[in-house]
Amino acid sequence: MAVAFTFPGQGSQAVGMGKDLAEAFPEARAVFDEVDEALGEKLTSTMWDGPEEKLTLTANAQPALMAVSLAAIRVLEARGLDLESKVAYVAGHSLGEYSALAAAGAFSIGDAARLLRIRGNAMQAAVPAGKGAMAAIIGLEQADVEAVCAEASEADGGCQIANDNGGGQLVISGEKGAVDRACALATAKGAKRAILLPVSAPFHSSLMAPAADAMADALSKVTINSPVVPVIANVAVAPVTDPAEIASLLVKQVTGQVRWRETVEWFAANGVTTLYEIGAGKVLTGLARRIDKTVTGVAVNGPQDIEAALSALNG
C-alpha cells in the first residue's frame, strides 16, 4: 500500500496557478519569493497576472510549474508530512523530474529554478522557429508509431517518439516535414487522430542535442544531493539515488523519451496504490486512470487538496 508523488510537466500551466497557496500559506509564499529571487525577476507576476502567452513561454512555464509543486510540498511538510517515511517514490513528467528531485532534496529550489530557466531557453534556442514540430498520435500501438517514424524519417529528416503518455496516446517529435509525413502515415495505418501540437520546439528529439549539451554544462556546476526518496527517472523507468546518475539521466532526458506509461506501470508493479499529483492541473491524474485501474490518482494543487492529502497520508 505504497504512495508515490508525481509532478506535472509543460502544458499544465495556467494563469493564476499557485496564487491561492501563496495567499493561504506563508510557506508557499516563501517558495515563490525564493524562485523570484533565484531568477532575478518577478516570475510570480507572470504566473498570477499573465499574459498567458508569456507564461506559456518554455523558459517561464518550466520554473513556474516547479514553483507551484514545491510550494505545495513545503506546505505539506510544514503541516507534518515526512516525505521520507510516507512516500515510497517520486517522479515527474519531463520538467517535472526537476520538481521531483527538488522535493526529495536533490536540488535546492533556487538551483532547480535556475536549471529550468537554462533548460527552457536552451530547448527554445536549439531549433530555428518553424523547423521542428510535435504531434499526438491517438489509437496506434507503440510498434506501429515507431515504424511510422522510421518511414517518415527516410525522406523528410528525423522524427521519433517523444512521450508515451499511455491510454493510446503517443507524442512524436522532430523535423516538421517528417512529423507531417508521420501524421499522414499514422492516419493511413488506422490512427484515430494525428494532431499537430501548439508547441514552440520539437522537445525530446535528437534535434534537442544542443540543449542537452547546455544542461550537461549547467548540471556540472550545481550541487546534487542523494534524494531522500528514490526518483523514477523518465528515460530509465528505474529508481535512482546516485547524484552522478541523476545528472546523466537528466541530460539524456532532453533528447530522450518520456516513458510515462511505463512509469505508472512500474509503480503498479512495485506496490504503489496511490499517486498524488503535486502541483498545477490534473493531467497526470487523468493519465494514471487510463494506464492502470489499480492505481488511484489524487491531484493536490489547492488549499482544500492539502488538507485532504494530509488527512489521508497521516491517517
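Modeller: A cavity is a set of points, on a 1 Å grid over the protein atoms alone, where a 1.4 Å probe fits but cannot get out; lining residues have an atom within 4 Å of a point. This is a predicted model, where local features need pLDDT of at least 70 and side-chain atom pairs count only at pLDDT 80 or more, while totals for chains, interfaces and linings use all residues. Residues are numbered from 1 along each chain as its sequence is written, and side-chain values use heavy atoms, with hydrogens and water left out.

Colleague: OK. How many cavities of 30 Å³ or more does the structure hold?

Modeller: One. The space in the largest cavity is about 50 Å³ (a volume is the space filled by probe spheres set on the points, which are joined across faces, edges and corners).

Colleague: Which residues line the largest cavity?

Modeller: Thr 6, Trp 260, Val 264, Leu 275, Glu 277, Leu 284, Thr 285, Ala 288, Gly 297 and Val 298. By class, this lining has six nonpolar, three polar and one charged residues (Ala, Val, Leu, Ile, Met, Phe, Trp, Tyr, Cys and Pro count as nonpolar, Asp, Glu, Lys and Arg as charged, the others, with Gly, as polar).

Colleague: And which element gives the most to that lining?

Modeller: Helix H14, with three residues. Helix H13 (260–269), strand E9 (272–278), H14 and strand E10 (296–300) each supply at least two (helices, H or I, at least four residues, and strands, E, at least two, are DSSP runs numbered from the N terminus).

Colleague: Now the largest pocket. How much space lies in it?

Modeller: About 740 Å³ (a pocket is an open set with protein on both sides within 12 Å along at least five of seven lines). It is lined by 31 residues, and the closest to its centre are Gln 10, Gly 11, Asn 163, Leu 197 and Val 199. Elements giving two or more residues to this lining include helix H5 (58–78), helix H8 (109–125) and strand E4 (159–166).

Colleague: How do the residues of that lining divide?

Modeller: Into 14 nonpolar, 16 polar and one charged.

Colleague: New topic, the open sheet. In what order do its four strands come?

Modeller: E4-E5-E3-E6, with antiparallel pairing (two strands pair if DSSP finds at least two bridges between them).

Colleague: Why is one side of E4 left without a neighbour in the sheet?

Modeller: Because E4 stands at an edge with a single partner strand; strand E6 (193–196) does likewise at an edge.

Colleague: Over how many bridges do E3 and E5 pair?

Modeller: Seven, in the antiparallel sense. Ile 137, for instance, has Leu 170 in E5 as its bridge partner.
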